[in-house]
Amino acid sequence: MATIEVVNVCEYEALAKEKLPKMAFDYYSSGAEDQWTLQQNRNAFQNIRFRPRILVDVSNVDISTTVLGLKISMPIMVAPAAMQKMAHPEGELATARAAAAAGTVMTLSSLATSSIEEVAATGPGIHFFQLYVFKDRNIVAQLVHRAECAGFKAIAVTADTPRLGRREADIKNRFVLPPHLTLKNFEGLDLGKMEKTNDSGLASYISSQIDRSLSWKDIRWLQTITKLPILVKGVLTAEDAKLCVEVGAAGVIVSNHGARQLDFVPATISALEEVVTAIQGRIPVFMDGGVRRGTDVLKALALGAAGIFVGRPVVYGLATDGEAGVRNVLQLLRDEFELAMSLAGCTKLSEISRSHIQIGNEKSKLSISRL
Ligand SMILES: Cc1cc2nc3c(=O)[nH]c(=O)nc-3n(C[C@H](O)[C@H](O)[C@H](O)COP(=O)(O)O)c2cc1C
């Protein structure tokens, strides 16, 4: 596969569709139910326009930043996506290597087909661990301990999945992990297999293993079992953003799980400002959902995000061309973002501000005051 032909990350979706078995592609691409939120995650970016500044010297543009005190080369990180060996034999290991080469964070899913230790062994790189809280808290404590020992730098606890959203293609396909693969982190615990059921096998697995009683007190509990910073993933409201600060979260990820959980929640780019305003700079706010362009990244940062995560484009790049595909996805986003910053007249991330964008019918403050 000549990656050179691919000029933007959206093109990887069709290429991945050609390569993957239907069951795998449908699993990666689906949203919940009517997929209204799935469309919104993309469309809502179109409601935001730039107010670029001109005649700024952009001969040097620095897009590097820090996340939880760690230096990364760009505010674009890799979201956790489960079961990546269905996309490519090297799965999460290829993704981890590509993220490390790009100088950014790779988040490993609890439900990965590569283990925490295998990902750590891919070499240097900043790894976060996405945590699903199992009913059996010994399993949770073990997982968190393993991530800490393996040098992972943060735990992103997924808070929007007490049950799995209804993904109709997975139900129709009777989705199940192919028999040659396992949920590697649970192999030794006898939870590595997913049974074929009359439904989505993943929905049944989640329903039997994941703790529906997960609540705010558990975020405090997690802090007692690890020194790692805890990010809460799945925040969409000001109310919950404030609670995250109260319970001691190190940061929040504004996310609707790639529109795979509750349908008819807003696009994440539409929910972002409410969360940023509520948090008042006390902890960093990240977002994911529908980010496909460098301009999307610039819009998210203008609304106050400290960085963004990408999900599906990484998986599609992986399916198309393994590690090289993921590298190219990250490179394309990096190049587009740097170009967008230059054209908007920003030379470093701290210069990106709310005044660089307009949403909907909003008028700029300046033009209103002159009316
Ligand atoms: C195939 C797939 C698997 C995912 N697996 C997980 C997971 O295991 N844990 C989790 O917290 N989020 C998971 N997510 C959600 C992503 O972390 C992220 O929130 C979402 O993909 C971002 O939206 P985007 O795909 O439009 O970039 C998954 C998303 C996809 C598409």
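Predicted model: local features only at pLDDT ≥ 70, side-chain atom pairs only at ≥ 80, totals over all residues.
**View 1. Overall fold of the protein chain.** The protein chain contains 14 helices and 12 strands. Along its principal axes, the C-alpha trace spans about 65 × 50 × 40 Å. For 371 residues, a compact globule would have a radius of gyration near 21 Å, and the 20 Å of the protein chain therefore agrees with a compact globule.

**View 2. Packing of helix H4 against helix H13.** H4 covers residues 91-101 and H13 covers residues 312-344. The two helices pack at an angle of about 15 degrees, with their axes 8 Å apart. Angles under 35 degrees count as roughly parallel, so H4 and H13 are roughly parallel to each other. H4 passes H13 in a left-handed crossing.

**View 3. Residues in the contact of H4 with H13.** From H4, the contact is made by Ala94, Thr95, Arg97, Ala98, Ala99 and Ala101. H13 contributes Val314, Leu318, Gly322, Glu323, Val326, Arg327 and Leu330. By class, the contact of H4 with H13 has eight nonpolar, two polar and three charged residues.

**View 4. Surroundings of the ligand.** The ligand is surrounded by 23 residues. The closest of these are Ala79, Ala82, Ser109, Gly258 and Gly311. By class, the shell around the ligand has 10 polar, nine nonpolar and four charged residues.

Technical notes: Residues numbered from 1 in each chain as written. Axes fitted to C-alpha atoms, helices over the stretch in contact; angles between N-to-C directions. Helix = DSSP H or I, 4+ residues; strand = E, 2+ residues; numbered from the N terminus. Parallel < 35°, antiparallel > 145°, perpendicular 65-115°, else oblique. Left-handed = near helix turned anticlockwise from the far one by under 90°. Contact = placed C-beta atoms within 7 Å. Nonpolar A, V, L, I, M, F, W, Y, C, P; charged D, E, K, R; others polar. Near = placed C-beta within 6 Å. Rg over C-alpha atoms; globule rule 2.2 N^0.38 Å.
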